[in-house]
Amino acid sequence: MIHLANKKLDEREVERLLETDHPMVARFTFVPLTVTTNQISFKLVIEPRAGVKYYQQRDRYGQRIQPVLRTLTGNERIGEAYRRLYVMSGEIYAENQSFFPNQEFNDLGIGSALYESQERLYDALKVRRVDLYAVSVGVYVWARQGFDFTHNSTLWSVKNEFARFLKDRDLPLPQHIKRSWDVANHRRDILVNQDPVGKYWMLNYALSWEGYKLMEDSLFREVAEKARKEMREKRKERILG
């Protein structure tokens with residue numbers, strides 16, 4: 001049960017909102033941790049679907065490997081996410097606190113599917129804004145999911161460093177960099193060490209950053225949906241079902 005700012009969702013509604021069509025995931029299990037009148041902290045556990053065959057793309061350290069065919073047993077720990085919802089001035093806000101993935105399951109679209117389901121929950125609660133602190137692979141992933149830099153100083157630093165990286169390698173510069181995703185999505189046809197150039201730079205050079213997403217702003221949603229569509233296509237090649 002979630003009850004915040006006159007919004008109520010029972011257990012069945014929460015379960016329905018968190019449903020996913022990702023073939024490797026049986027369910028995202030909602031586990032309340034701390035509940036008060038004005039906030040709720042919870043975790044989402046990724047439950048694997050036994051019997052599904054897939055190509056492992058990364059080792060346990062997150063490093064790219066030659067794809068290896070695997071079969072889920074149903075006992076794997078894929079990952080869990082910790083989140084907080086809270087009320088401020090009569091509106092609901094969300095904080096994506098942390099995500100602990102098993103990096104052997106990176107590049108299979110599971111994290112993207114998790115957040116897509118999570119956003120349905122946020123929409124049902126009329127969440128106004130989501131905040132986070134992007135670290136590790138999140139510096140790239142969250143930009144693709146439509147999160148922008150909270151601070152202008154981060155934008156200017158990223159803009160200058162990315163431009164220097166491209167110039168040093170005689171690669172084309174973007175026409176503009178106004179948002180985090182302008183870097184993440186830059187010239188996805190140009191690969192550096194098998195990754196699109198924007199992805200490569202963010203994963204190897206970008207520092208951690210504070211980010212936000214306005215849930216009612218269509219621009220933020222369009223960026224995320226474009227990335228999700230691309231990931232759905234890729235997972236067709238990597239997951240056999």
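How many of the residues of helix 6 are buried? The answer is given below, under the heading for that helix.

## Basis of the description

This is a predicted model, in which local features need pLDDT of at least 70 and side-chain atom pairs count only at pLDDT 80 or more, while totals for chains, interfaces and linings use all residues. Residues are numbered from 1 along each chain as its sequence is written, and side-chain values use heavy atoms, with hydrogens and water left out.

## Overall form

The protein has 7 helices and 13 strands, where helices (H or I, at least four residues) and strands (E, at least two) are DSSP runs numbered from the N terminus. Its radius of gyration is 18 Å, close to the 18 Å that the globule rule gives for 241 residues, so the protein is as compact as a globular protein of that length; the radius is taken over C-alpha atoms, and the rule is 2.2 Å times the number of residues to the power 0.38. Along the principal axes, the C-alpha trace spans about 55 × 45 × 25 Å.

Of the contacts in the protein with a separation of 6 or more, 66% are accounted for by residues 24 or more positions apart, a contact being heavy atoms within 4.5 Å.

## Surface and charge

Buried residues make up 44% of the 241 residues in the protein, with buried meaning under 20% relative accessible area, exposed over 50%, and partly exposed in between (1.4 Å probe, protein chains only). The protein exposes about 12,900 Å², of which carbon and sulfur atoms supply 46%; these areas come from the Shrake-Rupley method with a 1.4 Å probe, and for residues only the protein chains shown count as cover.

The 39 positive and 33 negative charges have mean positions that are 2 Å apart. In this count Lys and Arg are positive and Asp and Glu negative, while His and the chain ends are not counted, and each charge is placed at NZ of Lys, CZ of Arg, CG of Asp or CD of Glu. Glu233, which lies in helix 7 (residues 218-238), is partly exposed, with a relative accessible area of 44%.

## Aromatic pairs

The structure holds 15 aromatic pairs, in which rings of Phe, Tyr and Trp (its six-membered ring) pair if their centres lie within 6.5 Å, planes under 30 degrees apart counting as stacked, over 60 as edge-to-face and the rest as tilted. The rings of Tyr86 and Tyr93 have centres 5.8 Å apart and planes at 20 degrees, so this pair is stacked. Tyr86 is buried at a relative accessible area of 16%, and Tyr93 likewise counts as buried, at 10% relative accessibility.

Phe162 and Trp201 form a tilted pair, 5.4 Å centre to centre with 55 degrees between the planes. Phe162 belongs to helix 4 (residues 152-168) and Trp201 to helix 6 (residues 197-204), so the pair ties together parts that are 39 residues apart in sequence. Phe162 is buried, at 0% relative accessibility, and Trp201 is buried at 4%. Elsewhere, ring pairs link Tyr115, Tyr122, Trp142 and Phe147 into a cluster.

## Helix 6

Helix 6 is mostly covered, with 6 of its 8 residues buried; these are Val197, Gly198, Lys199, Tyr200, Trp201 and Met202. Within this helix, Lys199 has a relative accessible area of 11% and is therefore buried. Apart from neighbours within four places in sequence, Lys199 is in contact with Arg58, Asp107, Tyr140 and Ala184.

## Loop residues

The loop between helix 4 and helix 5 (180-184) contains Asp170, which has a positive phi of about 55 degrees although it is not a glycine, and which counts as exposed at 71% relative accessibility. Arg169 is found in the loop between helix 4 and helix 5 as well, and counts as partly exposed at 39% relative accessibility.

Gln194, in the loop between strand 11 (191-192) and strand 12 (195-196), also has a positive phi in a residue other than glycine, near 75 degrees. At 59% relative accessibility, Gln194 counts as exposed.
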